[in-house]
Amino acid sequence: EKWKEKVEEEEEEGEESTPPCIYNEIEGLSLLLGYANEPVGCCGAVLHPKWGRKAYPITFFSTAPPSLIEQKVEETAREWAAERR
């Protein structure tokens with residue numbers, strides 16, 4: 001919980017101090033990871049190499065050390081799995 005609260009605090013601070021920046025998710029995943037994409041209406045969709053349109057890949061930006069991110073992702077996955085038992 002404390003980790004989530006810290007993230008929310010930093011998001012609020014970031015909204016005031018960080019200039020706006022637009023990151024194109026489809027372009028990033030296509031160029032950086034080679035994912036296919038297809039037009040959908042006025043937007044587009046990235047096609048995951050294994051799951052196609054059944055997955056929604058995202059890009060995660062952080063200044064945290066990779067080891068901390070891995071730890072928190074693993075903790076969250078364990079919590080999520082425990083809730084579904």
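Is Glu-75 buried, exposed or partly exposed? Please start there, then take in the other contacts.

Modeller: Quick ground rules. This is a predicted model, where local features need pLDDT of at least 70 and side-chain atom pairs count only at pLDDT 80 or more, while totals for chains, interfaces and linings use all residues. Residues are numbered from 1 along each chain as its sequence is written, and side-chain values use heavy atoms, with hydrogens and water left out.

Now, Glu-75: it is partly exposed, with a relative accessible area of 24%. On that scale, buried means under 20% relative accessible area, exposed means over 50%, and partly exposed is in between (1.4 Å probe, protein chains only). Glu-75 makes a salt bridge with Lys-72, and their closest N and O atoms are 3.4 Å apart. A salt bridge here is a side-chain nitrogen of Lys or Arg within 4 Å of a carboxyl oxygen of Asp or Glu. Both residues sit in helix 3, and because they are 3 residues apart, about one helical turn separates them. Helices (H or I, at least four residues) and strands (E, at least two) are DSSP runs, numbered from the N terminus. Lys-72, for its part, is buried at 17%.

Why would such partners meet at all? Side chains of opposite charge can pair when their charged atoms come close.

The count by this rule is 3 salt bridges. One of them joins Arg-53 and Glu-38, at 3.0 Å from N to O. That pair links distant parts of the chain, 15 residues apart: Arg-53 is in the loop between strand 2 and helix 3, and Glu-38 is in strand 1 (residues 36–40). Arg-53 is exposed at 54%, whereas Glu-38 is partly exposed at 26%. Another bridge pairs Glu-83 with Arg-84, with 3.3 Å between the closest N and O atoms. Glu-83 is exposed, at 61% relative accessibility.

Rings of Phe, Tyr and Trp (its six-membered ring) pair if their centres lie within 6.5 Å; planes under 30 degrees apart are stacked, over 60 edge-to-face, and the rest tilted. That gives 1 aromatic pair. The ring centres of Tyr-23 and Phe-61 are 5.0 Å apart and their planes are at 80°, so this pair is edge-to-face. Tyr-23 lies in the loop between helix 1 (2–17) and helix 2 (25–33), and Phe-61 in the loop between strand 2 (43–47) and helix 3 (66–83), 38 residues apart. Tyr-23 is partly exposed at 34%, while Phe-61 is exposed at 58%.
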